Amino acid sequence: MNTSTPEPIRFDTKIAVLLRDDLEPWQRLNVTAFLVSGLGTVLPEVIGEPYEDADGTPYLPMFRQPVLIFEGVKETLTAAYGRALSRALPRAVFTSDLFATGNDRDNRAAVRAVPTGELDLVGLAVYGPRNAVDKVLKGARMHP
């Protein structure tokens, strides 16, 4: 009988969300939820297996690894966005304009209406190799 503790699972990738530090608490939660919702739709490898409790009740699968949440000032977010673009990492953005919309169609139109360099970013989700994501997040701090 093997009584040793299994080795912890280590990931060579990272899922991270960077939030602008001047958001209200409800905005932080809303932006984070919206940002990470896109990752599993185009990156199936980030999704684990479905869950099931002891009675066999099924639950939806979730990310296979933790989502790390960071914060920074507007300039930190803008710089991180530029680094994510230059590294061609999968990313999702949330702009301040999206707080005034109420549906997906209007959200997409609000982002489409603004040139890349002029987006008023309040949130960024990024996925990729751990070291590349760490470089993108340079200057950001872990969310308290």
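This is a predicted model: local features need pLDDT of at least 70, side-chain atom pairs count only at pLDDT 80 or more; totals for chains, interfaces and linings use all residues.

Guide: A residue is called buried when its relative accessible area is under 20%, exposed when it is over 50%, and partly exposed in between. The side chain of Asp22 meets that of Arg20 in a salt bridge, with 2.9 Å from N to O, and Arg20, at 11% relative accessibility, counts as buried. Arg20 also forms a salt bridge with the side chain of Asp120, again given as 2.9 Å, N to O. Because Arg20 lies in strand β1 while Asp120 sits in the loop between α4 (104-112) and β6, this pair ties together parts that are 100 residues apart in sequence. Asp120 itself is partly exposed, its relative accessibility being 25%.

Another pair is formed by Asp106 and Arg105, whose side chains meet in a salt bridge at 3.4 Å, N to O; here Asp106 is partly exposed, with a relative accessible area of 28%, whereas Arg105 is exposed, at 57%. Returning to Arg20, salt bridges with shared partners join Arg20, Asp22, Lys74 and Asp120 into one network. With a salt bridge taken as a side-chain nitrogen of Lys or Arg within 4 Å of a carboxyl oxygen of Asp or Glu, the count comes to 9 salt bridges.

Technical notes:
Residues are numbered from 1 along each chain as its sequence is written. Side-chain values use heavy atoms; hydrogens and water are left out. Buried means under 20% relative accessible area, exposed over 50%, partly exposed in between (1.4 Å probe, protein chains only). Helices (H or I, at least four residues) and strands (E, at least two) are DSSP runs, numbered from the N terminus.
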